[in-house]
Amino acid sequence: MKNRNRYTVLAILLFALIYVGGCGRTTTAPTGWLPSVSTAQHESYGGWISVKYHTGVSESEVHGELIAIQPSQIFIFTEQELTHISIDSITQVKLTTIRLSKNNSVDKYRQMMYPVKPLDEFRAYARFPQGLPEGIDIQSLRSKKEHWILFRPEDLSP
């Protein structure tokens, strides 16, 4: 019986450490990039996404706004440009977006992870959830540049 109580106490302590350790920063988006409460309902931008992918023998990472997910590619607006990555090369994705409450106010920020969730579930948080519109001039797309000024590399650490 003593061992059982000891294991119960250890399990509770382990859970508490994991819970408290996970209570830090909950978003990888740069400071100021995610919309405020007053603009969240009217904004037409995609969620903030971080994608790790294979490039031959190494792994790369890109961060930016989720523009669209096509059957074979994902489109992301980075600080510099609109880029696309082959779905087959993706190893990990973290998406930060806003979750609205029943009365349409911002409840909190939400994170989704791939491969925990399938990439199809991320489409709803893209600027173009149905994919890039046919005939769109992707060169005409504009990023949410006013927030890139606030970008700091340390904002990307979890």
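Tutor: Here is a short tour, topic by topic. This is a predicted model, where local features need pLDDT of at least 70, side-chain atom pairs count only at pLDDT 80 or more, and totals for chains, interfaces and linings use all residues. Residues are numbered from 1 along each chain as its sequence is written, and side-chain values use heavy atoms, with hydrogens and water left out.

Student: How many helices and strands are in the protein?

Tutor: The protein has 1 helix and 6 strands. The pattern along the sequence is α-β-β-β-β-β-β. Helices (H or I, at least four residues) and strands (E, at least two) are DSSP runs, numbered from the N terminus.

Student: Where is confidence lowest in the protein, and where is it highest?

Tutor: Helix 1 is lowest, with a mean of 47, and strand 3 is highest, at 95. pLDDT is the predictor's confidence in each residue, from 0 to 100. Contact means heavy atoms within 4.5 Å.

Student: What about residues 147-158, how many contacts there?

Tutor: The model has 28 contacts beyond four places in sequence for residues 147-158, where pLDDT stays under 50. For the protein, the average pLDDT is 75, and 60% of the residues score at least 70.

Student: Switching topic. What share of the residues is buried?

Tutor: Buried residues make up 35% of the 158. Buried means under 20% relative accessible area, exposed over 50%, and partly exposed in between (1.4 Å probe, protein chains only). The protein exposes about 10,300 Å², with carbon and sulfur atoms supplying 55% of that area. Accessible areas come from the Shrake-Rupley method with a 1.4 Å probe, and for residues only the protein chains shown count as cover.

Student: Give me a loop residue. Is Pro30 buried or exposed?

Tutor: Pro30 is buried, with a relative accessible area of 3%. Pro30 is in the loop between helix 1 (2-21) and strand 1 (48-55). Its C-alpha atom is 8.8 Å from that of Trp48, 18 residues away along the chain.

Student: And Phe128, what is it in contact with?

Tutor: Leaving aside neighbours within four places in sequence, Phe128 is in contact with Ile67, Ala68, Pro133, Ile136 and Leu141. Phe128 lies in the segment after strand 6 (106-114). It counts as buried because its relative accessibility is 18%.

Student: Which residues does Gln73 touch?

Tutor: Gln73 sits in strand 3. Beyond four places in sequence, Gln73 is in contact with Ala68, His84, Ile85 and Ile87. At 25% relative accessibility, Gln73 counts as partly exposed.

Student: Last one, pockets. What lines the second largest pocket?

Tutor: Its lining has 15 residues, and Phe77, Glu81, Leu82, Ile138 and Gln139 lie nearest its centre. Strand 3 (73-77) and strand 4 (82-86) are the elements giving two or more residues to this lining. Strand 4 gives the most, with 3 residues. On a 1 Å grid over the protein atoms alone, a pocket is an open set of points where a 1.4 Å probe fits, with protein on both sides within 12 Å along at least five of seven lines; lining residues have an atom within 4 Å of a point.

Student: How many of the lining residues are charged?

Tutor: The lining of the second largest pocket divides into 4 charged, 6 polar and 5 nonpolar residues. Asp, Glu, Lys and Arg count as charged, Ala, Val, Leu, Ile, Met, Phe, Trp, Tyr, Cys and Pro as nonpolar, and the others, Gly among them, as polar.
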